[in-house]
Amino acid sequence: VNLSLYICYYLRITDHNERNKLSKLLSEKDFLGFDFLEYPAKIEGEIANNMNLKRGIAKNRALLDNILTLFVCLNAKIPVFICGKAGCSKTLSFSLLNQSMKGEYSDSELFKKYPKLYVSSYQGSLTSNSSEIETIFERAKKISGAYGKQNIKSENHQKFGRSNILSVLLFDEMGLAEISPNNPLKVIHSKLDDNNDEIGFVGISNWTLDASKMNRGVHLSIQEPDEEDLILTAKSIASGIYEGIEEIENYKKVIINLAKSYYEYKQILYKNYKLFYDFHGSRDFYSLIKNTSRE
């Protein structure tokens, strides 16, 4: 119940304060009676620790939430829509999970219990059309059917009652397809409704999609990073470029102060110049830290 509430309701809230209100309410003794956020954080950490994260990749809030949601929804074959601004680890999270989930050939004992992902990718654009989307759905279902007929199951997957192959459709830049004059996403409704647990579906967008689509799956809204997240991310990026930078106090202070300054800068923009709030985004911040670390 704790994890279900976290994934289905808590993570779709975009406002920090509203999330805090919900977690406090659910933690009260009249509801769950324990810290609502403690167990999801433990599971997120366990999944992330079993992945091969390269040096420089920060285990920040966005990455951990993305990985948990994707891991659960893919294995349960529940469609998932991840919405957030550019640079908030949407595609990175899926790539990391795809690299880790190799079935019985996974490096981690945890992922050996779960199927290997077989991904069919589609890149949305202003020129997307319905026939292209129907084709990619059918391709993903054919892959699922082909491996299902072979009935190849390792001893490990027989033990856990799971097939060793999971066909997944990754629909990137779904937001661009939604505003296409061809209206290509009209086929999505029927395709998701008629899925019958055949394939996993991941839709990635830089902005929130139409509710009629997102209500057919789990919706994850990625929040703006807070100061703590920015500091963690900055330190991780810096350590990936300059090994040992965390031990050099003067450099460490520079990196931390840049993260704090960026956070304050974004707060000033939000309060006074909302029109320009996204003029500098997360990727600009990442580049700032990378260039500073190299220099």
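How many disulfides does the structure hold? The structure holds zero, a disulfide being a pair of cysteine sulfur atoms within 2.5 Å.

1. Basis of the note. This is a predicted model, in which local features need pLDDT of at least 70, side-chain atom pairs count only at pLDDT 80 or more, and totals for chains, interfaces and linings use all residues. Residues are numbered from 1 along each chain as its sequence is written, and side-chain values use heavy atoms, with hydrogens and water left out.

2. Cysteines. The closest cysteine sulfur to that of Cys 8 belongs to Cys 73 and lies 7.2 Å away, which is too far for a bond. Cys 88 is likewise in no disulfide, since the nearest cysteine sulfur, in Cys 83, is 9.4 Å away. Cys 8 has a relative accessible area of 32% and is partly exposed, whereas Cys 88, at 10%, is buried. Here buried means under 20% relative accessible area, exposed over 50%, and partly exposed in between (1.4 Å probe, protein chains only).

3. Overall dimensions. Along the principal axes, the C-alpha atoms fill a box of roughly 60 × 50 × 50 Å.

4. Of the 295 residues, 42% are buried. The protein exposes about 15800 Å², of which carbon and sulfur atoms supply 49%; accessible areas come from the Shrake-Rupley method with a 1.4 Å probe, and for residues only the protein chains shown count as cover. Among contacts (heavy atoms within 4.5 Å) with a separation of 6 or more, 74% join residues 24 or more positions apart.

5. Nonpolar cores. A nonpolar core is a set of buried Ala, Val, Leu, Ile, Met, Phe, Trp, Tyr and Cys residues joined through side-chain atoms within 4.5 Å. The largest has 36 residues, and Ile 47, Leu 74, Leu 97, Phe 111 and Val 202 touch the most other members. Helix α4 (residues 61-76) contributes the largest share of this core, eight residues. Leaving aside neighbours within four places in sequence, the contacts of Phe 111 include Ile 47, Phe 71, Leu 97 and Met 101. Another core, apart from this one, has 19 residues, among them Ile 133, Met 174, Ile 188 and Leu 209.

6. Secondary structure and strand pairing. The protein comprises 14 helices and five strands; helices (H or I, at least four residues) and strands (E, at least two) are DSSP runs, numbered from the N terminus. Two strands pair if DSSP finds at least two bridges between them. Strand β2 (residues 116-123) runs parallel to β3 over eight bridges, with Val 119 the bridge partner of Val 168. Strand β3 (residues 165-172) is joined to β4 in the parallel sense by four bridges, and Val 168 stands opposite Gly 200. Strand β1 (residues 80-83) also pairs in parallel with β4, over four bridges; Cys 83 has Ser 205 as its partner there.

7. Strand β4 (residues 200-205) is largely enclosed by the rest of the structure, because six of its six residues are buried. Gly 200, Val 202 and Ile 204 point one way and Phe 201, Gly 203 and Ser 205 the other. In β3, eight of the eight residues are buried, and both faces are covered, with Asp 172 among the buried residues.
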